[in-house]
Amino acid sequence: MVAELRGALIGCGFFAVNQMHAWRDIAGAAIVAICDRDPERLKVVGDQFGIVRRYVDAAALFASESLDFVDIATTAPSHLPLVEMAAQNRVPAICQKPFAPSLADAKAMVKACSDAGVALMVHENFRWQSPIQAVRAVLDSGDIGTPFFGRISFRSAYDVFSGQPYLATGKRFIIEDLGIHSLDIARFLLGDVSTITTRTARINPKIAGEDVATMLMDHKSGATSVVDCSYATKLAIEPFPQTLVEIDGSDGTIRLEQNYRLSVTGRNGTAVSDVSPPLLPWASRPWHNIQESVVAIQKHWVDCLANGTEPATSGADNLRTLALVEAAYAGAASGEPVQLDALL
Ligand code: NAD
């Protein structure tokens, strides 16, 4: 029998609870120690998941534990020092999104892990949602031919600020927090991007950053996409946290609509299916879509470590998603299109 990988979680906040549930569901890996600089969060998560080895300081964690990986679930400002610490200790690392507050920090983390010869995966989980994977599978089947247009849309009025109060206070909000996932999905479905043009707005007067963004992208494949996101959109039926997708191809179309209805029109007519994600025993609506994707990406990490393969959302891959975030903010400020290759 293959020995279980020994992992540690750093950052025991709001979202890390999902990651801890997911680790319990995954064969081949276990969380043996946890770390949070806030003793209260350390106690809450330690008690809930029965983890006795607890640290308030990441340096002490690395000094005392023998680890096969760390799962860093803190917010972005701490990612660079924590990932560098993992690299110095030759420990492969998962790092939550947004990978970093700047592309320079992200590049430094990729270099540190590459120099140390350890794997680095960004916890960019939205592309792992089963409805998004279902769209990818249709594209791979060739049923709609060559895609020439895409729309990745996330519009909601859900109160994300009660669970994540820091989202209301940052100068950057929706592109950095949510749009980053939509931009990654656009890359996943239509490939890398050459140019992005962005418009933003702040509708909610109680927050500091933008809560609406519309982005127009040229993909290197020749396809055009629109990525639009809003937390100021009051709808009859609140779709949070569903991403809706439209793709037009030379031979047909894909529509991922509200309530996980997937409609594919191809050479042989139209097929409609329900691609609802399963409700895992520990999950709760409406977050179950995201919660299922956490299990999927963490399983992928265990497979990659076991097989020595590069994760789909490796640090190097995620530089291209983070570059889109940087380019979107620059373009929103200047009003001009921004070329991606110049940033990478
Ligand atoms: P949070 O503030 O609730 O939790 C972060 C925790 O990290 C806190 O308990 C804090 O004390 C701890 N921490 C910070 N710096 C530390 C350090 N240097 N050492 C040890 N502990 C430290 O934040 P959250 O809402 O859980 O978000 C965490 C990250 O997860 C964010 O980057 C957020 O964007 C991301 N997130 C991802 C998804 C997703 O679907 N992938 C969803 C929600 C949040």
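This is a predicted model: local features need pLDDT of at least 70, side-chain atom pairs count only at pLDDT 80 or more; totals for chains, interfaces and linings use all residues.
Me: What is the strand order in the open sheet of six strands?
Reply: Strands of a sheet pair through backbone hydrogen bonds, either parallel or antiparallel. Strands (E, at least two residues) and helices (H or I, at least four) are DSSP runs numbered from the N terminus, and two strands pair if DSSP finds at least two bridges between them. Here the order is β3-β2-β1-β4-β5-β6, with parallel pairing. β3 (54–55) and β6 (120–123) stand at the edges with a single partner strand each, so one side of each is left without a neighbour in the sheet.

Me: How many bridges join β4 and β5?
Reply: Strand β4 (residues 69–72) pairs with strand β5 (residues 93–96) over three bridges, in the parallel sense. I72 has C95 in β5 as its bridge partner.

Me: Which strands does β10 pair with, and in what sense?
Reply: Strand β10 (residues 224–230) runs parallel to strand β7 (residues 147–155), joined by seven bridges. Seven bridges also join β10 to strand β9 (residues 212–219), but that pair is antiparallel. S230 of β10 is the bridge partner of R155, and V212 stands opposite S230 as well. β9 and β10 form a hairpin with four residues between them, and G222 in the turn has a positive phi of about 105°.

Me: How do α1 and α8 cross?
Reply: Axes are lines fitted to C-alpha atoms, for helices over the stretch in contact, with angles from 0 to 180 degrees between N-to-C directions. The axes of helix α1 (residues 16–25) and helix α8 (residues 288–307) come within 9 Å and cross at roughly 55°. That makes α1 oblique to α8, because angles under 35 degrees count as roughly parallel, over 145 as roughly antiparallel, 65 to 115 as roughly perpendicular and the rest as oblique.

Me: Which residues make the contact?
Reply: Two residues are in contact if their C-beta atoms, placed from the backbone, lie within 7 Å. N18, Q19, A22, W23 and D25 of α1 meet Q291, V294, V295 and Q298 of α8.

Me: Which residues are closest to the ligand?
Reply: A residue is near a molecule if its C-beta atom, placed from the backbone, lies within 6 Å of it. The ligand is surrounded by 27 residues, the closest being G11, G13, F14, F15 and D38.

Conventions:
Residues are numbered from 1 along each chain as its sequence is written.
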